[in-house]
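Trainee: Hi! Could you walk me through this structure before class?
Mentor: Happy to, let's open it up together.

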Amino acid sequence: MTDTANSPTADHKVPVTVLTGFLGAGKTTLLNRILCQQHGKRIAVIENEFGEIGVDNDLVIGAEEEIFEMNNGCICCTVRGDLIRILGNLMKRRDRFDYILIETTGMADPGPVAQTFFMDDEIGSQMSLDGVVTLVDAKHVLLHIEDSDEVKEQIAFADVILLNKTDLVTSAELDALEARIHAMNAAARIHRTRDAAVDIDKILNLGGFDLSRALETDPKFLEPEYPFEWSGLYDLAAGKYTWIFQPGPDPTMGAFCTPAVHASEAGMRERVESAVRAFSSPEHECPPGSECRVDDRFLQVGLEGEALRYTWLIDQPGAYVWFTEHHPDEFAAVLTDEQGQALEPLVSREYKPDHEHDEEVTSVGIATPGDLDLPKFQNWLRELLATHGPDIFRMKGILAFQNSNQRYVFQGVHMLFDGREDRPWGDEPRRNSLIFIGRNLNREALNQGFAACLA
Amino acid sequence: MFGMNRSATSVAAQLEECWYVALPDHVIDLQWAPNGRQLLAVTVEGLVVAIEDLGERAQFRSVGQHQLGANAVAWSRDGQLAASGGQDGCVCIWSGGFDSAPLTLRSQASWVSRVAFSPRRDVLAWSAGKSLQLWNAVNGEVFYQSAEHDSTIADVAWNPDGSAVAVVAYNGVTLHVPGKSSSPRKYTWKGSSLTLAWSPDAKYIATGDQDSTIHFWHVKSGKDARMSGFPTKVLELTWHHSSRWLVTGGGSAIVLWDCSGAGPAGRRPHLWEAGLGKITQVAFQPQGDYLASTDHEGILLLWHLADRQEPIAACKLSAAGTGLRWSPDGQRLAIGQANGVVVVFELQPEKAPV
């Protein structure tokens, strides 16, 4: 006998990526891309239907969804029996691959897939769920998103969302879709793709990187509720312009015009924050026929009457962005130059406004400095998950506990929770960032509950 | 290898290594031929290997291959037939040794998790995905195909008199009686059982379950006792030949259940603290009182029912044990390992201390 220890307890977990998306969203295309790329990884693939793809030297195993409920059908304890069996088998040939990809069916609920990594300790001890990648068919997703729980859950569970088939929709439609998806899952990284072409590093081996990345963004970004529905950027020469409105559904509308540094989408995006601020400043009445200037005032534009005209005096040539409370299309609004020519915005975007924010699935982000009291936090979370576990699809966070020098990172799926101490805070300011993604979340209650856990 | 120095011991024995062979990858199953002179082993990558035990050494040769991987092997009662099943949905059956190509039976299902010969007749049972199939060696016909169970079948075992075969899947145990027109008997539990073992007197079916429990099903009454408290799911079960004791793994301790009299319900099991590693295999000697166990750290321990405090012998293996099989005469112990090694030990009475 040799003494070469083949230690099964070696502390090296195999990363697993779960690929979800509705039928036709491009999962097979993406899988083929991943397997054909020269990435130096040996990938074992668990396919929902056997035989769709097959590449030499890769291990491809077919699986048919087998849902195992445990503990009297509690959805938080529901796992995928087929995956337990197949992953258990794959662990016996760990030297054959470095990475595992699981492709789910279009209708699959990602919950039981993710929960399998928490509920089965044999699998949890040897594999880690690196990320859930959801492919969204940009052209057709809107047909399903309203009435399909599966689509909502696939979006809610995602760490990365690929907005695929971007060539089949306009950029305005894409913007609107991205804003909507972002409102549902603010923690996911969204990439726009065509033919599922994406850099493999953006979907595999996300590790903790993506978690901190998602949570370290500006907390305002976590709550993308805008007081306006539309913005458009125009590149204008100095002169006199006319805004013409036809009758529409609302008697008045908030509007704000601001100069942009660049005549581009980025230039428009840079002005969003100032617009949010402007929309909360005192409004300035602006009756039909008024002459307006770009002067940082938040205008309340009157819209009662036929063919209402407003004059805009532009002193300096350059890029200007208009933000409007309602979509200009609702009033067939146009901006014309001195010759009466209607102008098209260089770029425009629709926003999901807060007063129409009725998404069932949303994200609630909490970012607050200060130290947490461990027992208080534990009690709050236990209570929260016991009462709202089924509605909380995912949660992720980086926390600062009193008396600990280390960052505490955690993630959870429904009632299942997995946390550990991370690197020391060092010079970084101690703060808590966490995000809940779920159905019918009560933003206020979550914020208050969390605030009460501060030491 | 070392025996343990012990004071006041009632039982003493050592395990002496006889030979080992190295297969290319993880040994997923192995079984002794009824004559105890041959082993059939399969690896997770699908290799089927016949190993001849020549006492102090062994010879092995590859006799078959399952595409995508193998799962299980079995011998018929007289050793004339041997079978293997794999992830290719195939069952291979060899007759009269391994000199000719096996008969290959294909099913639509992708996963044959178990193959099991009846202890009384030349009938082979196997699981084809969610369905149980029975094959008659005399006429070479598949004469029974069950309806689909609620998940892929996890385990298959004949009752001791070979009149019925039990399977476990999601939602419990199903007992199929070949040749009977009545529908199979269900022992329903909403959960996932992973493995089963009949008590030798056929009174109980014990199952090891995904939710870190075991069940004792009283076969006649259909009543069950559910035992919880295991640290992890339970994949390791072995009955003592008396049917009084069931030993289970499901953690790093050996758990001994007393099933005498009114049964195990309400009784506290005995715990034998084995070591740090999670138990991977347990096996009672076929007619005797020895028990062997292996763990994730590659420790092989020998225990005896009469002395339950600590193991009476221990060996370090080169990898975790993945299959632990006593020879039919109870004198040899074959162990398949995660690194492809198959090693055989012989049970020897304690030598005088040096």
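Mentor: We'll go through the domains, then the chain interface, then a sheet.
Mentor: One thing before we start: this is a predicted model, where local features need pLDDT of at least 70, side-chain atom pairs count only at pLDDT 80 or more, and totals for chains, interfaces and linings use all residues. Residues are numbered from 1 along each chain as its sequence is written, chains are lettered from A and ligands numbered from 1 in the order in which they are written, and side-chain values use heavy atoms, with hydrogens and water left out.

Trainee: Thanks! How is chain A divided?
Mentor: Chain A is split into domain 1 (14-208), domain 2 (230-350) and domain 3 (361-451); such bounds come from an automatic or database domain assignment.

Trainee: How many residues of domain 1 of chain A are in contact with domain 3 of chain A?
Mentor: 23 residues of domain 1 of chain A are in contact with 18 residues of domain 3 of chain A, where contact means heavy atoms within 4.5 Å.

Trainee: And how many salt bridges are there between domain 1 and domain 3 of chain A?
Mentor: The count is four. A salt bridge is a side-chain nitrogen of Lys or Arg within 4 Å of a carboxyl oxygen of Asp or Glu. A:Arg394 forms a salt bridge with A:Asp159, with the closest N and O atoms 2.8 Å apart.

Trainee: Okay, new topic. How many residues of chain A are in contact with chain B?
Mentor: On the chain A side there are 26, in contact with 35 residues of chain B. About 2,600 Å² is buried between chain A and chain B, and carbon and sulfur atoms give 51% of that. Buried area is the accessible area (1.4 Å probe) that two parts lose on being put together, summed over both.

Trainee: What about salt bridges between chain A and chain B?
Mentor: There are six. In a salt bridge between A:Glu69 and B:Lys190, the N to O distance is 3.0 Å.

Trainee: Last topic: in what order do the strands of the open sheet in chain B come?
Mentor: The four strands run E3-E4-E5-E6, with antiparallel pairing. Strands are DSSP runs (E, at least two residues), numbered from the N terminus, and two strands pair if DSSP finds at least two bridges between them.

Trainee: Which are the edge strands?
Mentor: They are strand E3 (27-32) and strand E6 (58-65) of chain B, each pairing on one side only.

Trainee: How many bridges join E5 to E6 in chain B?
Mentor: Seven bridges join them, and B:Val49 stands opposite B:Ser62 in E6(B).
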